Amino acid sequence: MISDYLSLAVKSIRNRRLRSWLTMVGIFIGVAAVVSLISLGQGLQAAINEEFTTFGIDKVLIQAKASGFGPPGTLSAGKVTEDDIELIKKVSGVERVAGRVIKPATIIFRDEQQARSIVSIPSKPDEAELILSSRTYEILQGRMLKPSDKDKVVVGYDYAYSKLFGKPVSVGSKLEINQKKFEVVGIMSRIGDPFSDKAVLMNQDVLKELFDADNDISVIVAQVKEGEDLTLVAEDIRRAMRKDRGQKEGREDFEIQTPQQYLESFTTIINVVQAVVIGIAAISILVGGIGIMNTMYTSVRERTKEIGIMKATGARNSQVLLLFLSESGLLGLAGGTIGVILGILIGKSVERIAMQALGSELLKAYFPWYLIVGALAFSFTLGAASGIFPALQASRLKPVDALRYE
Amino acid sequence: MKRSIIRLENVWKSYVMGKVRVDALRGINLDVSLGEFIAIRGPSGSGKSTAMNLIGCLDYPTSGTVLLDGNDISRLRESELAQVRGRKIGFVFQQFNLIPSLSAVENVELPMVFQNVPKKKRIKRAMDLLSSVGLGERLNHRPRELSGGQQQRVSIARALANDPEVILADEPTGNLDSATGKSIMEMLISLNKEGKTIILVTHDENLARMAGRVEYIMDGKNYRRLK
């Protein structure tokens, strides 16, 4: 009749209210940390999966192999060029190909100067459409660039709303880029990544002229025909480019990224971050468990006489053991329950803060049932396990000695 | 001759304290029959408490035999002994020894919990017992909300929970004023009339006189004294 022991345990926990609360703190901080972090991690993972689905799982990116950190194309060992675009177009299974150029530039607005990246929109209509079809390019104010626009640009969200310059940039503002005046015709919606929100879009031929660039391309986007295997087509592109460049396998100066790879690297990062933080939370939970053990030892000592009374009135060792295990298990479970509730609150708060700060719904806390049930089961088990030694000690007390204890 | 419920045969109990061996009991013999009211008397240090522990089957003898209802307790393991003790002996202590976190009803229920009595039956019996000791109005009070006399009555109700043959009362009036003490003694006497075996451990000659038989313990041995 375990329920009898549980109800006795509840009474005993209530009887020592303050100490019971303090004991539970250790558990619930740890559990709250684990629950909120896993929920956010799960949510982030789901959001990234979704993001990739909308960006298009039918596109591969080709760029020069980076030799350091920096925006794509700025610190590259090799080169990709217009010729590569033509080459990739010929690979079977490829639908459309577009190249983009990204250049660092000095931008002056109302006498204030900043270094920012300029990103090109392809000049050929079908290439431009491939780039613009992805969800990330939405115009908030004004309009998108037309192929005929010569001295016009579209700016990222932060120019207008994040005080990138002292005064906000608006439609019609004039920017000086590399000593040439440009008019802002559109402002993009918030994308959520700092690079894109601080970028300036410019037609590709204008950009090439401005920077006196040859036919270098920063990144090539290739769309794969419907029904084709993306990985196989990516491999074909790799082979074609390698052959064209006369490079050996594994020694290429370019790289091809498929959404799958991005997804995997994101997942790896999320997993590593989660593992680290959960490791820290685990220490808190361990300390919480030791706290329960300490409380239970104190409780056994304080209640030595009670144990004697119970034994005198017929309690078997196993019944005393069960009573104390129920008590420590319940302490763990109660701590875990508070932890789960707290974790959900933290997860939801972070979600809300992220929504306001980033303006994107990327970070959504997600609470699968197994996370909640698992956390509760774990904290009960931890509590009971922490109580094993104190409970054994209690159950082994001799009734005569225990009764004499004051 | 009536059935023997507790029988001590040449019981010795020794403790080792450091390097010294102390013999608290040196060959006690005692036979308590079912339905008897017996008092165990003795000054402090006489081995009276040790004898009580053995009579109450709370401890094992160093040598000799303790028979509880004909069974040698040395052959029972601790948990088995606890179960048997819970059914056959009810304790009333000088300090009342109620569990402070439990109400009167819950305290009376406790011995029945350990005998796995179903909850409904348990609560009913606990309430009946408390009513019979005059505490029907105080069922849900905690021990600290009750007077000494009331607490002792709760503990008598608890002692009766599993309907044991024997009530072992260790200085049951020691912490009570004389009027309250008297009412507790009357309660024990009436229980004896209802057929319970009462073993009263006391140092008080006047209380001991109320029993049908007095055993006097001194220096770890007993001397029978007639009333």
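Biologist: Before we start, what should I know about the numbering and the model?

Modeller: Residues are numbered from 1 along each chain as its sequence is written, while chains are lettered from A and ligands numbered from 1 in the order in which they are written. It's a predicted model, so to speak of local features we need pLDDT of at least 70, and side-chain atom pairs count only at pLDDT 80 or more, though totals for chains, interfaces and linings use all residues.

Biologist: What pLDDT does chain B average?

Modeller: Chain B averages 92, and 98% of the residues score at least 70; pLDDT is the predictor's confidence in each residue, from 0 to 100. The model as a whole scores ipTM 0.92 and pTM 0.72.

Biologist: Why are H9(A) and H13(A) called roughly parallel?

Modeller: Their axes come within 8 Å and cross at roughly 15 degrees. Angles under 35 degrees count as roughly parallel, over 145 as roughly antiparallel, 65 to 115 as roughly perpendicular and the rest as oblique. H9(A) and H13(A) are therefore roughly parallel to each other.

Biologist: Which residues meet there?

Modeller: Met293(A), Met296(A), Tyr297(A) and Val300(A) in H9(A) meet Phe389(A), Pro390(A), Gln393(A) and Ala394(A) in H13(A). By class, that's seven nonpolar, one polar and no charged residues.

Biologist: How do you know that S4(A) and S5(A) pair?

Modeller: Two strands pair if DSSP finds at least two bridges between them. S4(A) (residues 102–109) and S5(A) (residues 112–121) have eight, in the antiparallel sense, and Thr106(A) has Ala115(A) as its bridge partner. They form a hairpin with two residues between them, and Arg110(A) in the turn has a positive phi of about 50 degrees.

Biologist: How many bridges join S4(A) to S8(A)?

Modeller: Two, with the strands running antiparallel. Ile108(A) stands opposite Glu176(A) in S8(A).

Note on methods:
Axes fitted to C-alpha atoms, helices over the stretch in contact; angles between N-to-C directions. Helix = DSSP H or I, 4+ residues; strand = E, 2+ residues; numbered from the N terminus. Contact = placed C-beta atoms within 7 Å. Nonpolar A, V, L, I, M, F, W, Y, C, P; charged D, E, K, R; others polar.
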